[in-house]
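Subject: Structure handover

Hello,

Here is the structure I said I would pass on. My notes follow it.

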Amino acid sequence: MFDLQAELYNKVIILRLTGDILLADVVEFNRQMENYIAAPDITQAVVDLSRAGRLDNAGLGVLVSISTRLQGRGRRLILLCPAPHVAQLLKDAEVEGFFPTYESEEELKGYIPDAAE
């Protein structure tokens, strides 16, 4: 089970993920992600992974798919504060460079004004 909370800052949406994203969760996770990024005025989506529980390859696949769709629209999916086990999954799957990743909200704010308070 997971919870996804959205915060909107100007044209940047921050999605704060809490809990697990495993194979059984990916359909709902993908649906929720699609709903949040569907707004035409969203230029970038940030997924805060600091409170992520377990994440498997299926969950990672959703993130890659969403990122690819956003890139097709000239937008980006950014990862914020990946929990250590998520960072290891990105490394193991050899996709760690695929996503722009920021280690803190302060660092993110330096690159994306109005993305963090």
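N10 sits in the loop that joins strand 1 and strand 2. Helices (H or I, at least four residues) and strands (E, at least two) are DSSP runs, numbered from the N terminus. This is a predicted model, in which local features need pLDDT of at least 70 and side-chain atom pairs count only at pLDDT 80 or more, while totals for chains, interfaces and linings use all residues. Residues are numbered from 1 along each chain as its sequence is written, and side-chain values use heavy atoms, with hydrogens and water left out.

N10 is not a glycine, yet its phi is positive, at about 55 degrees. Most residues other than glycine have a negative phi. With a relative accessible area of 57%, N10 is exposed; buried means under 20% relative accessible area, exposed over 50%, and partly exposed in between (1.4 Å probe, protein chains only). C81, also a residue other than glycine, has a positive phi near 50 degrees. C81 belongs to the loop between strand 4 and helix 3. Its relative accessibility is 18%, so C81 counts as buried.

The largest nonpolar core has 29 residues, and L17, F29, M33, L63, L77 and F99 have the most contacts inside it. A nonpolar core here is a set of buried Ala, Val, Leu, Ile, Met, Phe, Trp, Tyr and Cys residues joined through side-chain atoms within 4.5 Å. The elements that give two or more residues to this core are strand 1 (2–9), strand 2 (12–21), helix 1 (26–37), strand 3 (44–55), helix 2 (57–72), strand 4 (76–80) and helix 3 (84–92).

What does L63 touch, not counting residues up to four places away in sequence? The list is F29, M33, V47, L55, L77, L79 and F99. Contact means heavy atoms within 4.5 Å.

Next, helix 1. Its 12 residues should span 16 Å at 1.5 Å a residue, and the end C-alpha atoms are 16 Å apart, so the two agree. The expected span is 1.5 Å times one less than the number of residues. V26, F29, Q32, M33, E34 and I37 are the buried residues of helix 1, and they pack against strand 1, strand 2, strand 3, helix 2 and strand 4.

How do helix 1 and helix 2 cross? Their axes come within 10 Å and cross at roughly 25 degrees, which means that helix 1 is roughly parallel to helix 2. Axes are lines fitted to C-alpha atoms, for helices over the stretch in contact, with angles from 0 to 180 degrees between N-to-C directions. Angles under 35 degrees count as roughly parallel, over 145 as roughly antiparallel, 65 to 115 as roughly perpendicular and the rest as oblique. At this pairing, V26, F29, N30, M33, E34 and I37 of helix 1 meet A58, G59, V62, L63, I66, R69 and L70 of helix 2.

Two further residues remain. H85 lies in helix 3 and, at 40% relative accessibility, counts as partly exposed. H85 is 33 residues from A52 in sequence and 9.0 Å from it in space, C-alpha to C-alpha. Beyond its neighbours within four places in sequence, H85 is in contact with A52, G53 and R54. Q71, in helix 2, is partly exposed at a relative accessible area of 44%. Q71 and Q44 are 27 residues apart in sequence, with 9.7 Å between their C-alpha atoms.

Regards
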